[in-house]
Amino acid sequence: MSIFPAVRLRRLRRSEAIRALVRETALTARDFIYPYFVTHGRGMRDEVSSMPGIYQLSVDELAADVRSLEPLGIGAVLLFGLPAQKDPRGREAYDPDGIVQRAVRAIKDACPALVVVTDVCLCEYTTHGHCGVVEEGQVLNDPSLELLAATAVSQAEAGADVVAPSDMMDGRVGAIRRALDGRALSEVAIMAYSAKFASAFYGPFREAADSTPQFGDRRSYQMDPPNAREAMREIEADIREGADFIMVKPALAYLDLIRRARQRFDHPLVAYNVSGEYAMVKAAGRNGWIDERRVTLEILTGIKRAGADLIISYHAREVSEWLAQ
Ligand code: PBG
């Protein structure tokens, strides 16, 4: 087969106009879900030191902040809560007057059309910092399901459109689906953190959400990073249990799994561009070591090109501002 000189791939790169014509992947504000950390108090806006541009916000500040998302075209937010008090069973997670439940009501008042996704997990709420019930140093699976289901129900009752379990207990999607349906909340969707790995990239998040485990680590419930086929089994299990969205998390070191999941499943596929991925870009950008804006867009485009339909990203606001310019 003769190639050169008849074939010259540079022809399609000659000018920005031609490049734009043949561009295969385009980011838009609608691709993003923007995460927030909500805290008690009023007028609170504390920057997370390892995540420049990301804040712990009180509910009043949050309600004001979300109003600026709709004009940018961002259609969904994801909420994490910092409770007033922690206890071994994470009570505030399923308290109808808990911090996330209050935040959901405030957002629904301020911006009824914004899709509100709530993180369903116990680690921010428990004294031990694990994502489930702990007994004798073990994170117990089945006793955790009841608390996770109660958390999802109370968030849905507060008005959440989508609940997103991130705990990685077996059977949680099914338990949450049954609990929601049993409370006439069958219209509430489940975004399952299906293939969630025990990752060092969550470091800055644990500062933001104050959710570092007080003993041990999360390797007995979150996935082992080398395992790709097991990730497909996790996704399959969540789909069978009734997941409406599936997720791969983190994104950058797991682009192969985003691609595999895209080829194998037809569910909306979410990728989580996690806190450590954000922090690395911010740190290198601040040092003048990289062109922060170009690197950010290149990473997010790569995640979308790999096959993600939606990207949860701390960059969502700034990128949507750039795209609107
Ligand atoms: C809670 C949870 C975590 C993240 C999302 N939900 C932390 C963890 O599992 O330790 C991480 C998100 C990020 O790093 O941006 N289980």
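The model is predicted: local features need pLDDT of at least 70, side-chain atom pairs count only at pLDDT 80 or more, and totals for chains, interfaces and linings use all residues. Residues are numbered from 1 along each chain as its sequence is written, and side-chain values use heavy atoms, with hydrogens and water left out.

**Nonpolar core**
- The largest nonpolar core has 112 residues. Such a core is a set of buried Ala, Val, Leu, Ile, Met, Phe, Trp, Tyr and Cys residues joined through side-chain atoms within 4.5 Å.
- Val-66, Leu-79 and Met-191 have the most contacts inside this core.
- Helix α4 (residues 142-158) gives the core its largest share, eight residues. Helices (H or I, at least four residues) and strands (E, at least two) are DSSP runs, numbered from the N terminus.
- Val-66 touches Tyr-36, Val-77 and Ile-107, among others, not counting residues up to four places away in sequence. Contact means heavy atoms within 4.5 Å.

**Ligand site**
- Around the ligand are 18 residues, each with a heavy atom within 4 Å of the molecule.
- Lys-196, Arg-206, Lys-249, Ser-275 and Tyr-314 come nearest.
- An N or O atom in the side chain of Tyr-314 is 2.6 Å from a ligand oxygen atom. For Ser-275, the distance to a ligand oxygen atom is 2.7 Å.
- Taken alone, the ligand exposes 400 Å², and the protein buries 100% of that. Accessible areas come from the Shrake-Rupley method with a 1.4 Å probe; for residues, only the protein chains shown count as cover.

**Ser-313**
- Ser-313 sits in strand β12 (residues 310-313).
- Ser-313 counts as buried because its relative accessibility is 0%. Buried means under 20% relative accessible area, exposed over 50%, partly exposed in between (1.4 Å probe, protein chains only).

**Aromatic pairs**
- Rings of Phe, Tyr and Trp (its six-membered ring) pair if their centres lie within 6.5 Å; planes under 30 degrees apart count as stacked, over 60 as edge-to-face and the rest as tilted. The count comes to nine aromatic pairs.
- Tyr-193 and Tyr-272 form a tilted pair, 6.1 Å centre to centre with 40° between the planes.
- Phe-197 and Tyr-254 form a stacked pair at 4.4 Å and 25°.

Conventions
Polar contact = N/O pair within 3.5 Å; in protein donor to acceptor, adjacent residues only side chain to side chain.
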